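This report goes through one structure part by part. Please keep the sequence and the 3D view open while reading.

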Amino acid sequence: MNKQSLAARVTVVLATLGALTAGTAVTAQAGTAQPQAPAVSTAARAEGELFPELNGLRIKAVDSDDIYLVLDGKRHLIPSSVTYNALFRTTDGVRLVLTTANITDGGPLTAYAYLARGTDDATVYLVSNGLKREITPAALDTYGFNTGAVRTTYPSVLAALPTAAPLT
(Lines give C-alpha, C1' and ligand atoms only; values in the text may rest on other atoms or scores of the structure.)
Protein backbone atom coordinates (compact mmCIF):
# COMPACT_ATOMS: atom_id res chain seq x y z
CA MET A 1 0.00 0.00 0.00
CA ASN A 2 1.51 3.35 -0.99
CA LYS A 3 1.59 6.41 1.27
CA GLN A 4 -1.20 8.25 -0.56
CA SER A 5 -3.52 5.25 -0.37
CA LEU A 6 -2.72 4.79 3.33
CA ALA A 7 -3.30 8.49 4.04
CA ALA A 8 -6.67 8.37 2.24
CA ARG A 9 -7.75 5.29 4.23
CA VAL A 10 -6.67 6.85 7.53
CA THR A 11 -8.62 10.02 6.68
CA VAL A 12 -11.76 7.98 5.95
CA VAL A 13 -11.38 5.91 9.13
CA LEU A 14 -10.77 8.96 11.34
CA ALA A 15 -13.66 10.88 9.79
CA THR A 16 -15.98 7.90 10.11
CA LEU A 17 -15.07 7.13 13.71
CA GLY A 18 -15.00 10.80 14.68
CA ALA A 19 -18.50 11.15 13.28
CA LEU A 20 -19.66 8.04 15.14
CA THR A 21 -18.55 9.52 18.45
CA ALA A 22 -20.01 12.90 17.49
CA GLY A 23 -23.35 11.29 16.67
CA THR A 24 -23.30 11.81 12.91
CA ALA A 25 -23.78 9.27 10.19
CA VAL A 26 -21.06 8.96 7.58
CA THR A 27 -20.91 7.50 4.12
CA ALA A 28 -17.52 6.68 2.64
CA GLN A 29 -17.13 6.16 -1.07
CA ALA A 30 -14.10 6.27 -3.31
CA GLY A 31 -11.78 7.44 -0.53
CA THR A 32 -13.92 10.33 0.74
CA ALA A 33 -15.93 10.68 3.92
CA GLN A 34 -19.05 12.79 3.90
CA PRO A 35 -20.70 13.54 7.25
CA GLN A 36 -24.49 13.62 7.22
CA ALA A 37 -26.98 15.28 9.56
CA PRO A 38 -26.57 14.44 13.25
CA ALA A 39 -28.92 11.78 14.58
CA VAL A 40 -29.29 13.67 17.89
CA SER A 41 -28.87 17.37 18.57
CA THR A 42 -25.51 18.61 19.80
CA ALA A 43 -27.16 20.10 22.90
CA ALA A 44 -28.59 16.70 23.83
CA ARG A 45 -25.15 15.11 23.40
CA ALA A 46 -23.50 17.70 25.64
CA GLU A 47 -25.97 17.04 28.47
CA GLY A 48 -26.30 13.26 28.48
CA GLU A 49 -23.47 12.02 26.31
CA LEU A 50 -25.12 8.62 25.98
CA PHE A 51 -24.54 6.80 22.71
CA PRO A 52 -26.94 3.83 22.59
CA GLU A 53 -26.28 3.51 18.85
CA LEU A 54 -22.73 2.39 19.76
CA ASN A 55 -23.90 -0.45 22.04
CA GLY A 56 -21.79 -3.54 21.49
CA LEU A 57 -18.81 -1.71 20.03
CA ARG A 58 -15.36 -2.09 21.47
CA ILE A 59 -13.52 1.20 21.15
CA LYS A 60 -9.99 2.45 21.74
CA ALA A 61 -8.74 6.05 21.56
CA VAL A 62 -5.76 6.66 19.29
CA ASP A 63 -3.69 7.99 22.21
CA SER A 64 -4.49 5.21 24.70
CA ASP A 65 -4.08 1.49 25.21
CA ASP A 66 -7.41 1.23 27.07
CA ILE A 67 -10.22 -0.66 25.34
CA TYR A 68 -13.84 0.01 26.25
CA LEU A 69 -17.08 -1.87 25.65
CA VAL A 70 -20.11 0.32 25.01
CA LEU A 71 -23.13 -0.87 27.03
CA ASP A 72 -26.30 1.14 27.58
CA GLY A 73 -24.71 4.01 25.64
CA LYS A 74 -21.82 4.28 28.13
CA ARG A 75 -18.20 3.22 27.85
CA HIS A 76 -16.97 0.52 30.23
CA LEU A 77 -13.25 -0.12 30.59
CA ILE A 78 -12.18 -3.68 29.91
CA PRO A 79 -9.65 -3.90 32.74
CA SER A 80 -7.15 -6.41 31.36
CA SER A 81 -6.23 -8.66 28.48
CA VAL A 82 -7.33 -11.64 30.60
CA THR A 83 -10.82 -10.16 30.92
CA TYR A 84 -10.84 -9.19 27.24
CA ASN A 85 -9.92 -12.73 26.13
CA ALA A 86 -12.52 -14.25 28.46
CA LEU A 87 -15.23 -12.23 26.73
CA PHE A 88 -14.31 -11.69 23.07
CA ARG A 89 -13.26 -13.86 20.12
CA THR A 90 -10.62 -11.57 18.64
CA THR A 91 -9.30 -8.02 18.69
CA ASP A 92 -10.45 -7.52 15.10
CA GLY A 93 -13.64 -5.78 16.25
CA VAL A 94 -11.90 -2.99 18.20
CA ARG A 95 -12.61 0.38 16.58
CA LEU A 96 -10.08 3.16 16.78
CA VAL A 97 -11.58 6.55 17.70
CA LEU A 98 -10.11 10.00 18.23
CA THR A 99 -11.35 10.19 21.81
CA THR A 100 -13.55 8.26 24.22
CA ALA A 101 -13.92 11.21 26.60
CA ASN A 102 -17.20 12.39 25.04
CA ILE A 103 -18.93 9.10 25.90
CA THR A 104 -20.24 8.86 29.47
CA ASP A 105 -18.04 6.66 31.65
CA GLY A 106 -20.08 3.75 33.00
CA GLY A 107 -17.24 2.43 35.14
CA PRO A 108 -15.03 -0.56 34.43
CA LEU A 109 -16.19 -4.11 33.95
CA THR A 110 -15.22 -6.34 36.83
CA ALA A 111 -11.75 -7.81 36.58
CA TYR A 112 -12.29 -11.36 35.36
CA ALA A 113 -15.81 -10.66 34.09
CA TYR A 114 -17.01 -13.76 32.26
CA LEU A 115 -19.72 -15.39 30.17
CA ALA A 116 -21.80 -18.07 31.88
CA ARG A 117 -24.73 -20.43 31.41
CA GLY A 118 -26.48 -22.76 33.80
CA THR A 119 -26.19 -26.53 33.53
CA ASP A 120 -29.92 -26.73 32.83
CA ASP A 121 -30.29 -23.81 30.40
CA ALA A 122 -28.69 -22.61 27.16
CA THR A 123 -29.14 -18.92 28.04
CA VAL A 124 -25.79 -17.11 28.10
CA TYR A 125 -25.12 -14.28 30.55
CA LEU A 126 -22.48 -11.60 30.93
CA VAL A 127 -21.43 -11.68 34.57
CA SER A 128 -19.80 -8.45 35.72
CA ASN A 129 -20.10 -5.93 38.54
CA GLY A 130 -22.15 -8.31 40.68
CA LEU A 131 -24.88 -8.63 38.02
CA LYS A 132 -25.88 -11.04 35.30
CA ARG A 133 -27.14 -9.82 31.93
CA GLU A 134 -28.79 -12.18 29.50
CA ILE A 135 -27.21 -12.08 26.05
CA THR A 136 -29.57 -12.82 23.17
CA PRO A 137 -28.20 -15.08 20.42
CA ALA A 138 -28.09 -12.11 18.02
CA ALA A 139 -26.15 -10.03 20.56
CA LEU A 140 -23.60 -12.82 21.04
CA ASP A 141 -22.55 -12.29 17.44
CA THR A 142 -23.07 -8.50 17.30
CA TYR A 143 -20.89 -7.93 20.37
CA GLY A 144 -18.28 -10.45 19.20
CA PHE A 145 -18.51 -12.50 22.38
CA ASN A 146 -16.44 -15.69 22.56
CA THR A 147 -19.00 -18.49 22.81
CA GLY A 148 -16.14 -20.95 23.29
CA ALA A 149 -15.29 -19.27 26.60
CA VAL A 150 -18.77 -19.60 28.16
CA ARG A 151 -18.52 -21.20 31.60
CA THR A 152 -21.11 -23.73 32.67
CA THR A 153 -22.18 -23.26 36.26
CA TYR A 154 -24.85 -24.38 38.70
CA PRO A 155 -28.23 -22.68 38.21
CA SER A 156 -28.20 -21.61 41.87
CA VAL A 157 -25.05 -19.53 41.27
CA LEU A 158 -26.75 -17.58 38.47
CA ALA A 159 -30.02 -17.35 40.40
CA ALA A 160 -28.18 -15.68 43.29
CA LEU A 161 -27.01 -12.81 41.06
CA PRO A 162 -29.25 -9.76 40.50
CA THR A 163 -30.45 -9.43 36.93
CA ALA A 164 -29.73 -6.36 34.78
CA ALA A 165 -31.28 -5.47 31.41
CA PRO A 166 -30.55 -8.00 28.67
CA LEU A 167 -28.10 -7.31 25.87
CA THR A 168 -30.00 -7.40 22.61
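How many nonpolar, polar and charged residues does the lining of the largest pocket have, by class? The lining has 7 nonpolar, 5 polar and 2 charged residues. Here Ala, Val, Leu, Ile, Met, Phe, Trp, Tyr, Cys and Pro count as nonpolar, Asp, Glu, Lys and Arg as charged, and the others, Gly among them, as polar.

The model is predicted, and local features need pLDDT of at least 70, side-chain atom pairs count only at pLDDT 80 or more, while totals for chains, interfaces and linings use all residues. Residues are numbered from 1 along each chain as its sequence is written, and side-chain values use heavy atoms, with hydrogens and water left out.

**The largest pocket**

The largest pocket holds about 160 Å³ of space. Of the 14 residues that line this pocket, L71, H76, N129, L131 and R133 are the closest to its centre. A pocket is an open set of points on a 1 Å grid over the protein atoms alone, where a 1.4 Å probe fits, with protein on both sides within 12 Å along at least five of seven lines; lining residues have an atom within 4 Å of a point. The volume is the space filled by probe spheres set on the points, which are joined across faces, edges and corners.

At least two lining residues come from each of β8 (124-128) and β9 (131-135). The largest share, 3 residues, is supplied by β8. Strands are DSSP runs of E with at least two residues, and helices are runs of H or I with at least four, numbered from the N terminus.

In β8, 5 of its 5 residues are buried, where buried means under 20% relative accessible area, exposed over 50% and partly exposed in between (1.4 Å probe, protein chains only). V124, L126 and S128 point one way from the strand, and Y125 and V127 point the other way.

Two strands pair if DSSP finds at least two bridges between them. β8 pairs in the antiparallel sense with β7 (114-118) over 3 bridges, and with β9 in the antiparallel sense over 5 bridges. Y125 is the bridge partner of A116 and stands opposite E134 in β9. β7 and β8 form a hairpin with 5 residues between them. The hairpin of β8 and β9 has 2 residues between the strands, and N129 in its turn has a positive phi of about 55°.

**Aromatic rings**

The whole structure has 3 aromatic pairs. Rings of Phe, Tyr and Trp (its six-membered ring) pair if their centres lie within 6.5 Å; planes under 30 degrees apart count as stacked, over 60 as edge-to-face and the rest as tilted. Two of the pairs are listed here.

| Pair | Centre to centre | Angle of planes | Class |
|---|---|---|---|
| F88 and F145 | 5.4 Å | 15° | stacked |
| Y143 and F145 | 5.4 Å | 15° | stacked |

F88 lies in the loop between α3 (81-87) and β6 (94-97), and F145 in the loop between α4 (137-143) and β10 (151-153), so their pair ties together parts that are 57 residues apart in sequence. F88 and F145 are both buried, and Y143 is also buried. Ring pairs link Y84, F88, Y143 and F145 into a cluster.

Charges also sit over rings, meaning that NZ of Lys or CZ of Arg is within 6 Å of the ring centre and within 35 degrees of the ring normal. R75 lies over the face of Y68, at 5.1 Å from the ring centre. R151 lies over the face of Y114, at 4.1 Å from the ring centre.
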